Amino acid sequence: MIRKPFLERIKPLFYLLPFIISVSIFTLYPIVNVIRMSFLEGYKYLTGAYTGIGLGNYEKVVSDPFFRQAINNTFRYVLLVVPISTVIAVILANLLNQKVRFQAFFQTCYFLPMVTSSLAVGLSWRFMFNDKFGIINYVLSLMGIDPVQFLGNASGNFIALVIFGIWAILPNTIILLLSGLQNIDPLYYTAAKVDGAKTLRIFFRITVPLLAPTIMLVIIINMISTFKMYHELFPLFNGPGIAYNMFTVVYYIYYEFRVMTPPKYGYASAAAVMLLVIVFVFTMLQRAVQAWSRKERGEDVKQVKRHRDALR
Amino acid sequence: MKIRLENIVKRFDDNTAVDDFSAVIESGELVTLLGPSGCGKSTMLNMLSGILYPTEGKIYFDDDDVTYMSSEKRGVGLVFQNYALYPHMTVLENICFPLEIKKVPKKERIEKAKKMAELVHVEGMLNRKPGQLSGGQQQRVAIARALVKEPRLLLLDEPLSNLDARLRIEMREEIRRIQLETGVTTIFVTHDQEEAMSISDHIILMKLGVLQQYDKPQYLYDQPANCFVADFLGNPPINKVEGVVEGGKVLLGENKEDSQIKVKDVPDGTPVYLSFRSESVILDNKSPLRAKVVLTSVMGKEIITSFVLAGKEVRGYMNSDVELQRDQEIGIRFKKTGVFVFDRESGERYL
Amino acid sequence: MKKLFKIVVTLLVAISLVACSGGNNGGGETSGEPVEVVFWHTLTDHDEEMVAEIADKFNASQDKWKVVQQTQPLDGFEAKVYEAVTNGTGPSLVWLYPGTATEYVDEGFSLDFGQYLTDAEYKDRVSEGVYAASTDYSDGKLHALVCTLTGSIMFYNKELLEKYNLEIPQTWEDLYNACKTVVDGEKAEGNDIIGFGPDSRDVVGIDVLYQLGLAYIDDNNTANDWTDPKFVEWVDWWKQAEAEGYFLFKDPAENYHSGPFGNQMYFSYMGSSAGMNYITPNGFTIVTGPVPQIEGGRKYNELTARALVGFTKDEVTDEGAAAFASFFTQAENNLPFCQKYSASTPFKDVETSDVYKEYFNNSVAQQAFASMLDYMYARKAVVGQTACKEAIQQGLEKAIINGEDTLTALQAAQALANSALSE
């Protein structure tokens with residue numbers, strides 16, 4: 001083979017240059033800088049001065065009760081919100097995929113949260129969660145259930161957060177699942193119906209397995225976004241819960257960086273890097289499971305690919 | 001199982017897909033629903049399977065009125081054009097699925113499924129997924145899945161159209177073999193006349209929702225009920241020359257050449273088609289019916305000659321030792337069989 | 001296509017040239033254009049209008065500087081200032097506390113007003129204590145101009161006080177008893193009301209620590225007394241009152257109590273005297289009173305001085321910042337500002353004016369504030385003060401709201417504060 005001249009070979013690089021430069025500046029540099037800051041002890045942003053290099057920030061963050069609480073809360077939140085919202089979304093997406101009357105109306109209802117600001121809607125949720133005047137406690141009281149102190153105590157705070165989180169995450173999830181559902185050939189349903197399969201069996205034996213690639217995708221996306229949860233805290237509680245009990249990892253980063261003066265760049269960066277690692281590990285885990293299940297079905301690579309193309 | 005269809009009508013909004021369709025399908029036969037696309041054959045199949053219900057009319061399986069019975073209660077097995085095998089299940093799971101729905105115990109299910117797999121010759125790939133099979137293998141699995149619940153009626157919806165030419169021939173023989181081995185009454189939908197001719201006990205030919213003819217394949221070919229049937233069957237397609245009836249004779253073309261074909265009880269001046277099969281033409285230079293050679297081509301062992309008859313180019317197999325030249329004038333006559341006269345407007349057959 | 005591309009490029013070059021030359025022209029005429037002095041604050045509504053008015057007046061009075069005042073969100077304001085200032089993109093003036101300057105003085109960011117102001121402009125007009133607070137830095141220079149004095153006071157619903165024939169409470173016990181009477185009485189009439197709640201939970205903790213003869217942050221810059229049995233006992237006492245439903249340490253629905261208090265959801269609350277103008281009493285009259293004390297203890301209430309703190313930029317801008325700061329603190333501006341802000345003035349010349357006296361005598365908030373002046377002290381300014389404030393608040397909230405063991409919660413809080421102080 002004849003080698004192309006040097007200039008020819010590096011020509012593509014020039015075309016890629018604008019992209020490479022913008023990615024380097026806006027994506028790589030901040031990440032690298034955060035990682036760097038996380039190892040600098042007593043770092044001062046302006047002067048660039050620091051007292052030492054090491055794991056001091058990490059030690060400090062790991063031993064910080066707020067950070068431990070944040071990890072605990074975040075994991076509990078992810079482990080509750082992601083599965084529950086996925087299950088609800090799969091069911092709702094299926095209902096929305098049926099040809100029912102007022103389909104457009106129902107679809108609008110479920111997608112409305114996506115076009116509204118979650119901060120603004122969060123405020124109305126706060127009124128709904130109100131211990132005394134909120135509609136949720138009113139409904140509970142009608143059913144003879146004691147009022148839940150959604151805003152007034154720690155366990156109530158967590159329940160409120162999970163409910164709000166599920167609500168906020170549903171529309172996106174439903175849209176992704178709907179597009180997955182619409183990719184399933186209706187012939188499979190006809191075939192099953194001719195054989196006499198009932199709705200539930202069709203749902204569990206055919207719809208769910210065929211939707212599995214999309215469900216996996218949705219779980220990954222939602223896990224990443226729920227791991228980064230923090231802005232929901234502001235409309236609901238004006239901060240980390242009623243009594244510093246609703247720290248999440250990203251709120252902890254915000255807290256060290258924005259509430260504390262002087263800002264604790266090092267701690268915030270160390271926490272950010274740890275979150276990055278956690279999310280990365282979970283995403284890799286997910287991908288491994290996905291690859292394994294894809295291998296299990298072997299041939300399905302084609303279908304998964306079609307799915308992905310459709311989602312793009 | 002014998003199937004009786006009585007005056008079936010199916011309308012979608014203003015559109016009539018099947019119109020006044022009546023037929024009796026004898027037990028154990030393989031009957032093909034044949035017709036061009038849009039003729040209502042798939043609608044008919046869907047009504048037989050219970051996916052659709054007729055607007056009017058009755059469907060009987062033996063003596064049961066199943067007109068409005070749901071699919072699963074009818075006991076029909078359905079094979080789809082693109083097989084509709086569940087991609088996430090193995091071959092075995094796919095075949096087992098109808099039994100799983102019927103709540104057959106697992107052990108029995110697998111036993112039956114394996115037997116079925118043997119019947120269709122896929123016993124060696126039970127643990128594969130559909131995506132790892134060839135088209136023909138998928139087809140076999142689809143048939144096994146349809147047959148495993150021992151249906152009273154097997155329905156095949158254009159099952160061969162996704163296969164390449166060679167596989168198509170192999171599979172249609174397989175389908176015939178499986179059908180004969182199981183003896184299940186089978187209805188096969190296709191638009192391919194050759195397929196229909198080769199596989200069926202009887203063919204139902206449809207056009208625009210109306211049954212045209214219901215007969216044995218050869219009879220359909222030899223004795224078409226009308227112009228449409230004659231046009232639809234046969235390869236090469238039947239030759240058609242315009243003519244007019246005068247004094248019981250069929251005169252061809254503008255020059256009213258005498259075709260030597262006679263019809264009875266047809267009023268003078270009726271516009272007709274003289275349709276004849278390519279094999280029904282004989283070279284006879286003594287014949288007063290003259291034609292002009294356009295082209296001869298050798299197709300395998302046969303020689304096919306194109307010639308102009310009464311201003312229309314037609315084709316015929318002429319087993320002649322004489323080498324025909326372009327523009328050479330020849331005389332022709334027709335055999336007794338394979339020659340028909342149809343009304344040009346109604347398609348009604350006069351001869 | 002190529003031609004079009006050339007035209008576009010030519011156009012772009014032409015536009016940028018014109019834009020650049022325009023920019024150069026603007027930059028060249030320094031003598032004509034006033035220099036911008038940026039002023040950040042967190043004041044809103046009528047307070048912001050007042051600031052805008054003063055800034056406009058200043059801008060009209062001379063043409064060397066132009067003050068640009070900007071309201072910033074309260075959440076994370078101090079951190080935002082810190083980041084902007086250390087990045088060199090910060091404002092010239094901020095509306096904060098004298099203590100705020102502490103963190104900037106050593107780094108050399110903090111503006112020394114003394115360079116530009118004469119004694120007559122500031123030093124001679126304020127009390128020794130206020131001047132001491134304005135110069136309490138490692139270099140002893142004037143880094144803050146105190147503009148207002150405020151502090152926590154008590155707000156009561158007058159109708160309820162009179163209905164149950166109650167005196168204005170002086171001690172925490174008094175407050176508890178009054179709340180008990182009112183809440184129980186109202187409950188009997190089917191009226192759900194909360195007895196008492198504080199706006200600033202850190203102030204409650206700090207006040208009580210000092211009232212008990214203890215220290216929030218002692219002279220060695222450490223927090224030692226938060227776990228003192230006396231303080232633990234007092235927190236437990238509050239927990240009891242909270243459990244009984246008379247006190248509510250933190251309102252889950254509101255940041256400030258002015259709203260719910262105005263809607264008669266509270267019988268009383270403790271909040272800044274500057275909050276007075278934010279209450280709209282809905283069918284009742286407001287009475288004010290001093291912050292409750294520990295019976296037989298040392299009298300103490302926190303004094304909040306709000307001040308202008310400056311940051312150095314360049315010669316001209318610094319001079320403008322100082323000029324505006326001085327302008328802002330002059331009697332003709334400080335007086336209306338104090339009225340709007342519902343604050344007391346630190347300036348003697350303002351204090352003695354008739355208008356101020358009239359305002360003062362008509363303001364129940366100012367009277368309650370003034371009644372405590374003898375025992376009001378500003379919070380100690382230390383590096384790590386934000387963390388300490390967060391820590392005490394967190395310790396109290398965990399003990400009272402989350403019901404955690406008081407001593408454990410306070411120990412954790414104290415440890416947190418000390419680790420911040422030792423940095």
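The model I am reading is predicted.

**Entry 1: chain A overall**

I started with chain A. I counted 13 helices and two strands there. I then looked up its extent. The C-alpha trace of chain A spans about 80 × 75 × 30 Å along its principal axes. Next came burial. Chain A has 312 residues, and 33% of them count as buried. I also checked how far apart in sequence its contacts reach. I took the contacts between residues at least 6 apart, and 68% of these join residues at least 24 apart.

**Entry 2: which chains touch**

I asked which pair of chains has the most contacts. Two pairs of chains touch, and the pair A and C has the most contacts. Chains B and C do not touch. Their nearest C-alpha atoms lie 47 Å apart.

**Entry 3: chain A against chain C**

I looked at this contact from both sides. Chain A gives 21 residues and chain C gives 21 residues. I sorted the chain A side by class. I found twelve nonpolar, six polar and three charged residues on the side that touches chain C.

**Entry 4: chain B against chain A**

Here 19 residues come from chain B and 19 residues from chain A. I listed the elements of chain B that give two or more residues to its side of this contact. They are helix H2 (71-74), strand E6 (76-79) and helix H3 (91-101) of chain B. Which element gives the most to this side of chain B? H3(B) does, with three residues. By class, the side of chain B that touches chain A has eleven nonpolar, five polar and three charged residues.

**Entry 5: B:Val91**

I stayed with helix H3 of chain B, where B:Val91 has its place. Is B:Val91 buried or exposed? I found 27 other C-beta atoms within 10 Å of B:Val91, so it is buried; the cut-off for buried is 20 or more. I looked up its contacts, leaving out residues up to four places away in sequence. B:Val91 touches B:Val122, B:Met125, B:Leu126, B:Arg128 and B:Val141. I also took one distance. B:Val91 and B:Ser198 are 107 residues apart along the chain, and their C-alpha atoms are separated by 29 Å.

**Entry 6: H2 and H12 in chain C**

I moved to chain C. Helix H2 (residues 45-61) of chain C packs with helix H12 (residues 331-341) of chain C at an angle of about 170°. Their axes are 9 Å apart. The angle makes H2(C) roughly antiparallel to H12(C), since angles over 145 degrees count that way. From H2(C), the residues that meet H12(C) are C:His46, C:Asp47, C:Met50 and C:Ile54. From H12(C), they are C:Asn333, C:Pro336, C:Phe337, C:Lys340 and C:Tyr341. I sorted the residues of this contact into five nonpolar, two polar and two charged.

**Entry 7: H16 and H17 in chain C**

I looked up another helix pair in chain C. Helix H16 (residues 385-400) and helix H17 (residues 406-421) of chain C pack at about 170°, with axes 8 Å apart. H16(C) and H17(C) are therefore roughly antiparallel to each other. Residues of H16(C) in this contact include C:Ala387, C:Cys388, C:Ala391 and C:Lys398. Those of H17(C) include C:Thr406, C:Ala409, C:Leu416 and C:Leu421. The contact of H16(C) with H17(C) divides into 13 nonpolar, three polar and one charged residue.

Conventions: Residues are numbered from 1 along each chain as its sequence is written. Chains are lettered from A and ligands numbered from 1 in the order in which they are written. This is a predicted model: local features need pLDDT of at least 70, side-chain atom pairs count only at pLDDT 80 or more; totals for chains, interfaces and linings use all residues. Helices (H or I, at least four residues) and strands (E, at least two) are DSSP runs, numbered from the N terminus. A residue is buried if 20 or more other C-beta atoms lie within 10 Å of its own, exposed if 12 or fewer, and partly exposed in between; C-beta atoms are placed from the backbone. Two residues are in contact if their C-beta atoms, placed from the backbone, lie within 7 Å. Ala, Val, Leu, Ile, Met, Phe, Trp, Tyr, Cys and Pro count as nonpolar, Asp, Glu, Lys and Arg as charged, and the others, Gly among them, as polar. Axes are lines fitted to C-alpha atoms, for helices over the stretch in contact, and angles run from 0 to 180 degrees between N-to-C directions. Angles under 35 degrees count as roughly parallel, over 145 as roughly antiparallel, 65 to 115 as roughly perpendicular and the rest as oblique.
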